[in-house]
Amino acid sequence: MAQTMPTGDAEGIRAQLREEFPEWSFIISTKNRWWASHTVTSETLGRDALEADSPEELRELLLAKTRRGGAR
């Protein structure tokens, strides 16, 4: 079952995304675009970053990527 993103401030939403996807870092650009990239370690260096127009879209991209096993 798909969860819904919380409403509220961007920092609260970002904290919730970090809790759900601990291997990822989250950035909100000055143009209000949401980005996710793997936390850089020797094992994750070079992984693709994800970009979305909203936290909901970013979460869907993360779910799709992690379901494929791409976040390991």
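Which backbone oxygen does the side chain of R14 reach? The side chain of R14 comes to 3.2 Å from the backbone oxygen of F26, a polar contact in the sense of a pair of N or O atoms within 3.5 Å, where within protein one must be able to donate a hydrogen and the other to accept it, and residues adjacent in sequence count only if both atoms are side-chain atoms. The model is predicted: local features need pLDDT of at least 70, side-chain atom pairs count only at pLDDT 80 or more, and totals for chains, interfaces and linings use all residues. Residues are numbered from 1 along each chain as its sequence is written, and side-chain values use heavy atoms, with hydrogens and water left out.

The secondary structure consists of two helices and three strands, where helices (H or I, at least four residues) and strands (E, at least two) are DSSP runs numbered from the N terminus. Along the sequence they follow the pattern α-β-β-β-α. Of the 72 residues in the chain, 29% are buried; buried means under 20% relative accessible area, exposed over 50%, and partly exposed in between, with a 1.4 Å probe and protein chains only.

The three strands form an open sheet in the order β1-β2-β3, with antiparallel pairing; two strands pair if DSSP finds at least two bridges between them. β1 (24–28) and β3 (50–52) each have a single partner strand and stand at the edges, so one side of each is left without a neighbour in the sheet. On average, neighbouring strands of this sheet are turned by 20° against each other, direction ignored.

β1 pairs with β2 (residues 34–38) over five bridges. Within this pairing, W24 has H38 as its bridge partner, and F26 stands opposite A36. The two strands form a hairpin with five residues between them, and N32 in the turn has a positive phi of about 65°.

Helix α1 (residues 10–20) contains R14. This helix lies across β1 and β2 and runs at about 165° to β1; axes are lines fitted to C-alpha atoms, for helices over the stretch in contact, and angles run from 0 to 180 degrees between N-to-C directions. R14 is buried, with a relative accessible area of 17%. Not counting residues up to four places away in sequence, R14 touches F26, I27, I28 and W34, contact being heavy atoms within 4.5 Å.

Helix α2 has 13 residues and spans 18 Å from its first C-alpha to its last, close to the 18 Å expected at 1.5 Å a residue; the expected span is 1.5 Å times one less than the number of residues. P55, L58, R59, L62, L63 and K65 are buried in α2. Viewed down the axis of α2, these buried residues fall within an arc of 165°, so they line one face of the helix; the arc is that of the directions from the helix axis to the C-beta atoms. Their cover includes α1, β1, β2 and β3.

For the chain, 33% of the contacts with a separation of 6 or more are between residues 24 or more positions apart.
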